[in-house]
Amino acid sequence: MKISIIVAIDEKNAIGKNNQLLCHLPADMKMFRLLTTGHTLVMGRKTFESLPNGALPNRRNIVISRTLAEKEEENLIICSSLEKAFEICKEEDEVFIIGGANIYNETINEADFLYVTLIKHTFENADTFFPSIDFNKWREVSRENFAADGKNPYDYAFVKYARIL
Ligand SMILES: NC(=O)c1ccc[n+]([C@@H]2O[C@H](COP(=O)([O-])OP(=O)(O)OC[C@H]3O[C@@H](n4cnc5c(N)ncnc54)[C@H](OP(=O)(O)O)[C@@H]3O)[C@@H](O)[C@H]2O)c1
């Protein structure tokens, strides 16, 4: 099982504010959907609660929480530890860690790939941050740069990193 982290960060590694994303960037949403559809997602309880319509469709959603009761529904599993989550999906090719900061911090040293959307902007008053990426440990595999347009208010880049083994 490969562990992939997927995240959108600003120029100071910010990822959220008031338990919400920093901005609406449709291109990032589209890329997120493309990469994660058909796979299992692992997320923290707060990120789950920030989703406007609950579990994301066409993907298995695993939510980690010490306070919510464990349960298993159609595409939603709530479990009490990361270890249990990884045990559930150990037969899969690639599992996506979709945040938030707590879960990123707890998994970055185990992850094989980072899919980073770099938003070329600094958001004021952000309150949640991605851990700093140690570039001695990560090799850039690909990078695509895009300019802001009518739908996407900031320049951005999709960058993929692989762990240096
Ligand atoms: N920019 C992005 O790509 C991106 C992606 C995702 C999220 N975000 C943002 O990140 C923010 C939320 O991040 P966050 O760090 O505050 O919260 P989070 O990581 O989403 O959730 C934290 C919660 O997860 C549970 N948890 C964490 N580690 C656990 C463990 N080892 N075992 C059991 N449960 C565990 C705990 O839930 P209990 O308290 O229930 O025990 C903890 O309070 C929001 O602003 C969101 O919009 C941004």
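Below is a short chat about the ligand site and aromatic pairs of a predicted model.

Student: What are the ground rules here?
Tutor: This is a predicted model, where local features need pLDDT of at least 70, side-chain atom pairs count only at pLDDT 80 or more, and totals for chains, interfaces and linings use all residues. Residues are numbered from 1 along each chain as its sequence is written, and side-chain values use heavy atoms, with hydrogens and water left out.

Student: OK, how many residues surround the ligand?
Tutor: 27 residues do. The closest are R45, T47, S65, T67 and E106. Being near means having a heavy atom within 4 Å.

Student: Which helix gives the most to the shell?
Tutor: Helix 4, with 5 residues. Helices are DSSP runs (H or I, at least four residues), strands likewise (E, at least two), numbered from the N terminus.

Student: Switching topic: how many aromatic pairs?
Tutor: The structure holds 7. Rings of Phe, Tyr and Trp (its six-membered ring) pair if their centres lie within 6.5 Å; planes under 30 degrees apart count as stacked, over 60 as edge-to-face and the rest as tilted.

Student: Why is F96 with Y115 tilted?
Tutor: Their planes are at 40°, so the pair is tilted; the ring centres are 5.8 Å apart.
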